[in-house]
Amino acid sequence: GGTLAATASGGREVSGGRLAGRAELPRPFTVPLPVPTVARPVRTTGGVDRYEVTQRVADVEILPGLRTPVWGYDGLFPGPTFVGRSGRKVLVTVRNELPVPTSTHLHGGVTPPDSDGYPTDIVIPEGWRHDPHGQGGPGGPGGPDGHGGQDSQGGHGGMKMSPDAWTISRQTKRYDYPLDQEAATLWYHDHRMDFSAPQVWRGLAGFFLVRDAVEENLPLPSGDRDIPLMICDRAFEEDGSFRYPALDPSLTGRPGVEDAYTQGVMGDVTLVNGAPWPELEVDAVRYRLRLLNASNARRYRLRLEPGAPMTQVAGDCGLLPRPQRLDTVTLAPAERAEMVIDFKQWKPGDTVTLVNTLEDGAMRNVLRFRVARRAKDPSHLPTRLRDLRPLSASDAVATRRFDFRMTATDGGHAWTINGHPFDTERYLASPRLGTVERWRFTSDFHHPVHLHLAHFQVEARNGRPPAAHEGGWKDTVDVRPYETVDVLARFHGYRGRYMLHCHNLEHEDMAMMANFRVV
Ligand code: C2O
Ligand code: CU
């Protein structure tokens, strides 16, 4: 560890001999789209739903005929979908039976700080000896399995960590999710210090849907016409196991190992709900598709082929005030967009493909819809979805700047925020509970910036109003190279320590994170 350069060359040594192996990939649209199973509460008492979920290793079939070992919640990839209700508390007890520590973050959740999934608030498996001083091991993306030896924590990109930074839970931890928030497509994923990227890559991610009365009273498509779609890319070894990092330059589009770390790690297979380039049979009616970009680093600009408009009804943190008709929707890592697509405009037998126009070849394909039959459609698209007061400049009690860029350090480079690699003891801001602040993000590269706890509205990109699909409440915003993005963030819910970070998971593991404290 220590620097970006050192980590990257470590990766080259470790993985150099394995570049040749490449699993046989399926032809696109030959695998049916799976829909993640819905988690069932183990107990429902006094307005509280209790769940138990076990993180474990399991073999799944992703590429036809091959077995892929995944690290999954309940052994599933994606993990089970939790469905909660606004104002009704959910308690999730996570049991860790993996060979490594974990931390589970509810992305978009308004959660108390000790249930937030802070990177050093970890659940260790049985038999794991935690060394709080462990620093600078091979670890991270450079390790042979995408995770280092026992306790090889820390040290990436000059990250600083005091031994007291750790909060250790043995084998299980209960996460409390009060869900005092509006209907939205949230997701949960691993957030372990230094290892979020390889651990999410191995499968630790799933959906968490919040419903509420406003949404239920809308005539939007529902039931099995309301489908979450987790889009992510992966690379595979010849035996079907995940390959991390994907060092082949043809996967990153640019030569050299270091690019896997500057760009983040990408794969050469697009998975939707864990299946490669799947196909979904649909009735010729409206569907509500909850798109999530769960990739470590890849961005998507999605459109239908043949071209047809889609209607966005929700963003990261819930319904937009009004539906937005769009030809394309762009999703940086961790962003969500809920799209209504009306398949009535096609006839039975037609196929329609969701493609990523940022790519060519196989990586252009995402998901194909096959229109199977005509059917009754009780849904329609209302002109208004929900009341939403747009925040304005006068709501902001402060303006703070956060600059995301690569900074030279002694012996290499680090991904930093305001010049600092992540330091568990440093706070870059202390907003007051209940206030709104303008946070101004600048960058040298594509950095999808995510705030824990606080939801925000995008105020401006380079001084101009944001695109329609960036309306509504969000928790992640793509800051593009040399852009200035202003968001108006509402600090609500809880006091305590939270963080903001880049959601390119390799950047995140390489120290592009910072604390803020709500006071
Ligand atoms: Cu989805 Cu701190 O992240
Ligand atoms: Cu980044």
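**View 1. Asp164 in a loop of the predicted model.** In this predicted model, Asp164 sits in the loop that runs between strand β7, residues 121–124, and strand β8, residues 167–170. Because 10 other C-beta atoms are found within 10 Å, Asp164 is classed as exposed. Tyr188 lies 24 residues from Asp164 along the chain, and the C-alpha atoms of Asp164 and Tyr188 are separated by 26 Å.

**View 2. An open sheet of five strands.** The strands of this sheet follow the order β15-β23-β22-β17-β20, and their pairing is mixed. The edges are formed by β15 (279–283) and β20 (328–331), each of which pairs on one side only. On average, and with direction ignored, neighbouring strands of the sheet are turned by 25 degrees against each other.

**View 3. The pairing of β17 with β20.** Strands of a sheet pair through backbone hydrogen bonds, in either a parallel or an antiparallel manner. Here β17, which spans residues 300–305, and β20 pair in the antiparallel sense, over four bridges. Tyr300 has Leu331, in β20, as its bridge partner.

**View 4. The protein as the setting for these close-ups.** The protein contains six helices and 33 strands, and 52% of its 519 residues count as buried. Among the contacts in the protein with a separation of 6 or more, 77% are accounted for by residues 24 or more positions apart.

Methods: Residues are numbered from 1 along each chain as its sequence is written. Chains are lettered from A and ligands numbered from 1 in the order in which they are written. This is a predicted model: local features need pLDDT of at least 70, side-chain atom pairs count only at pLDDT 80 or more; totals for chains, interfaces and linings use all residues. Helices (H or I, at least four residues) and strands (E, at least two) are DSSP runs, numbered from the N terminus. A residue is buried if 20 or more other C-beta atoms lie within 10 Å of its own, exposed if 12 or fewer, and partly exposed in between; C-beta atoms are placed from the backbone. Two strands pair if DSSP finds at least two bridges between them. Axes are lines fitted to C-alpha atoms, for helices over the stretch in contact, and angles run from 0 to 180 degrees between N-to-C directions. Two residues are in contact if their C-beta atoms, placed from the backbone, lie within 7 Å.
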